[in-house]
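Hello,

Here is the structure I promised to pass on to you.

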Amino acid sequence: MRVNILIIGQGISGTFLSYYLKKSGLSFLIIDESKSHTASKAAAGIINPVTGRRIVKTWMIDELMAFAKNAYQQIGSELNIDCISEKRIIDFFPTPQMRNAFLERFDEDEEYLKLPANENSWRENFNYDFGYGEIAPIFLIDINLLLSSFRKKMIEENHLLEERFDINELKISDNKIEYKNITADKIIFCDGIESFNNPYFKNLPFAPNKGEALIIEIENFPDNFIFKKGLNIVPLKNNLFWVGSSYEWKFEDDKPNKIFRERTELILLEWLKSPFKIVEHISSVRPATLERRPFVGFHPWQKNVGILNGMGTKGCSLAPFFANQLTQNIAEGTPIHREAEIERFARILSKN
Ligand SMILES: Cc1cc2nc3c(=O)[nH]c(=O)nc-3n(C[C@H](O)[C@H](O)[C@H](O)COP(=O)(O)OP(=O)(O)OC[C@H]3O[C@@H](n4cnc5c(N)ncnc54)[C@H](O)[C@@H]3O)c2cc1C
């Protein structure tokens, strides 16, 4: 089999890369083993324009949000699914200091921040002491629905091989890539945390970050908002809610840890007025990077080996935008954003 691009991984990065390659008329094949708890499958799917204690706008968010909204609507309509919805975050202030920070920020720039008319609106559902603000608009992506629907289509169209990719079988020469019976012009790694061990990219400054979440069931609970107080409660379907997550820089493995479950259960018991049942405990490792920017582009010394990775905590907004930039770069030679382009690491990549 001969294709233009061999893609390793069908998380949110590999999904959008293949989507845009197809639109550009480039042929491709994805290899993805079917792992259950990858970063994309564990994600809540939130695109939140503000971050941190000072509630500042995240990097490039105006451009990324507008692009993402369009991208998810378009891919959803082609797959016949509804994978994006607009929501608002009800941001309960955990302390008086956080309330002040929100009010200060609101005075400076109220683009994504709102103050409620009545701070008692959520007393029926929650215990809270310091009021709340609202963050809107935000988008919620049904990432598991998107990944499974896209995968089904890729398998039907013979664009996806469901197996583990073994880098020892890869042969790279200057004008082609060979892997088993596949020949390609280029290979692009969208393999999340597995790139940490990839001989071409292992020197990139990755900063793996583990995240855990609970899936809980609550009867008759409002499902049109995201509720936040340190943790996020995010609506799924059929009375199920995603609750998370942790951000762990030091961890022993990628498995669910009972400390997270116990701590989260205690927080929920104090915060929620409704009874709930824990249905599942999930965890995964985010492919985060030291300088919180993605890794996009081709290896400076091996021009047919590329990467789309390092999405960190923001895969839902970054992946569509940078998958499109990488596709345009391949098809038209247009540049990749200089803060994301891996050329910036040419020196450390030469040490491979
Ligand atoms: C708990 C948690 C919550 C999160 N919440 C959000 C959120 O609300 N919003 C947001 O924007 N981001 C969120 N994130 C971050 C987001 O999940 C990541 O940024 C994003 O999923 C990374 O996607 P990816 O496609 O680059 O990698 P991955 O999702 O890891 O995909 C890599 C794919 O490659 C495959 N693969 C790897 N190696 C091989 C191999 N050798 N052979 C075959 N297949 C292989 C894997 O099976 C996988 O399918 C969250 C992450 C976690 C852990």
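Below are my notes on the domains, the contacts between side chains and a few backbone features.

First, some ground rules. This is a predicted model, so to speak of local features I ask for pLDDT of at least 70, and side-chain atom pairs count only at pLDDT 80 or more, while totals for chains, interfaces and linings use all residues. Residues are numbered from 1 along each chain as its sequence is written, and side-chain values use heavy atoms, with hydrogens and water left out.

Where they meet, 19 residues of domain 1 are in contact with 19 residues of domain 2, contact being heavy atoms within 4.5 Å.

About 1,600 Å² is buried between domain 1 and domain 2, and carbon and sulfur atoms give 68% of that area. Of the area that domain 1 buries against domain 2, His 37, Ala 42 and Leu 145 supply 32%, more than any other three residues. (Buried area is the accessible area, with a 1.4 Å probe, that two parts lose on being put together, summed over both.)

The interface of domain 1 and domain 2 has 1 salt bridge, meaning a side-chain nitrogen of Lys or Arg within 4 Å of a carboxyl oxygen of Asp or Glu. Lys 23 also forms a salt bridge with Glu 78, with 3.0 Å between the closest N and O atoms. On the domain 1 side that touches domain 2, the elements giving two or more residues are α1 (12-23), α2 (39-42) and α5 (143-156). Helices here are DSSP runs (H or I, at least four residues), as are strands (E, at least two), numbered from the N terminus. The largest share of that side, 5 residues, comes from α5.

**Side-chain pairs**

Phe 16 and Tyr 20 form a stacked one, at 6.1 Å centre to centre and with 25° between the planes. Both residues lie in helix α1, 4 residues apart, about one turn of the helix.

Salt bridges come to 27. One joins the side chains of Lys 228 and Asp 91, at 3.9 Å from N to O. This pair links distant parts of the chain, 137 residues apart: Lys 228 is in strand β14 (residues 226-229) and Asp 91 in strand β6 (residues 84-92).

**Backbone features**

The peptide bond from Ala 136 to Pro 137 is cis, with omega near -5°, and Pro 137 lies in strand β8 (residues 132-141). Another cis peptide bond joins Gly 244 and Ser 245, with omega about 0°; Ser 245 sits in the loop between β16 (240-244) and α6 (258-271). Finally, Asn 238, a residue other than glycine, has a positive phi near 50°, and its place is in the loop between β15 (231-235) and β16.

Best wishes

Notes. Phe/Tyr/Trp six-rings, centres within 6.5 Å; stacked < 30°, edge-to-face > 60°.
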